[in-house]
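Good morning, and thank you for coming. I would like to speak today about aromatic rings and their surroundings. Please look at the structure as we begin.

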Amino acid sequence: MQIALDEGYQFGLGVFETISVEHNVPILLSWHLERLHRSLKTLGIQQTVDESYVFSWLSAHPGEHQALKLIVSDKNLIVTMRPNPYTPGQIQEGFCLSYSNVYRNETSPLVHHKTLNYGDCILEKRRAKEAGADELIFCNSRGEICEGTASNIFFVYDGQIYTPPVESGLLPGILRRFIIEQYPVKEQILRKEDVLHMQECFITNSLMGVMPVHTLEQKTYPLGPMTQACIEAYHSFICSCE
């Protein structure tokens, strides 16, 4: 594999998408490519990736439960695939979360895009494992809850789903969009004290789908009916794609 040393690989001005592949079907591919092209336009990169290219690549590299990654910069288009690391057993157990000591910069023009400037997330993901947590949650400079190192976060109270707004400084994830389009979600500024009374919590990303949260710091959440409904809704959608 040859990589051109463009601004993507010298300065992080590139974007990537990680797409769940189930039984050789790229899940929500059109949404991923829509977000990819929106980010490329923001960075002034002229590259495009169409669905036929992805399906052609998959025909030569079939996968069952995989993570397909597209990496795009001004002079590079790289496709890789690896096993999806998330398992059904993790959904049964739920994740344990802690808060990160790193702040999200809600004023950054990059924070809403999945760019190659991903170092904060990788380092904090490693720190989560060292601390015995599955994921760390970022807050912004105003103390507002934003997102996880590799996920979006949701809370439930009296059957109503809440999630932080994009303006708090987060990447609007593909599964976040799926949940918002399935349910009447309230995008609302949330702080640490606000979520202590919440009754359910879950996180999402394209590879894990919908992951129940067992604990966030000292707060324990049961696997409630709304979280279970979201899990089942996404599972039904996956089955319909096969």
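Phenylalanine 178 is buried in this predicted model, because its relative accessibility is 4%, and buried means under 20%. Which residues form an aromatic cluster with Phe178? The cluster consists of Phe178, Tyr234 and Phe237.

Let us turn to the pairs themselves. A pair of aromatic rings is described by two quantities, the distance of the centres and the angle of the planes. Across the whole structure, a search finds seven aromatic pairs. One of them joins phenylalanine 16 and tyrosine 118 in an edge-to-face arrangement, with 5.1 Å from centre to centre and 90° between the planes. These two residues stand 102 residues apart, and the pair links distant parts of the chain. Phenylalanine 16 belongs to strand E1, whereas tyrosine 118 is in the loop between strand E5 and helix H5. Phenylalanine 16 is buried, at 8% relative accessible area, while tyrosine 118 is partly exposed, at 22%.

A further pair is formed by phenylalanine 178 and phenylalanine 237; this one is tilted, with centres 5.4 Å apart and 50° between the planes. Phenylalanine 178 lies in helix H6 and phenylalanine 237 in helix H7, so the pair ties together parts 59 residues apart in sequence. Phenylalanine 237 is partly exposed, with a relative accessibility of 23%.

Finally, I come to charges over rings. What sits over the ring of phenylalanine 16? The charged end of lysine 69 does, 4.7 Å from the ring centre. Likewise, lysine 192 lies over the face of tyrosine 99, at 4.5 Å from the centre of that ring.

Key
Residues numbered from 1 in each chain as written. Predicted model: local features only at pLDDT ≥ 70, side-chain atom pairs only at ≥ 80, totals over all residues. Heavy atoms only, no water. Phe/Tyr/Trp six-rings, centres within 6.5 Å; stacked < 30°, edge-to-face > 60°. Helix = DSSP H or I, 4+ residues; strand = E, 2+ residues; numbered from the N terminus. Buried < 20%, exposed > 50% of the residue type's maximum accessible area, 1.4 Å probe, protein only. Lys NZ or Arg CZ within 6 Å of the ring centre and 35° of its normal.
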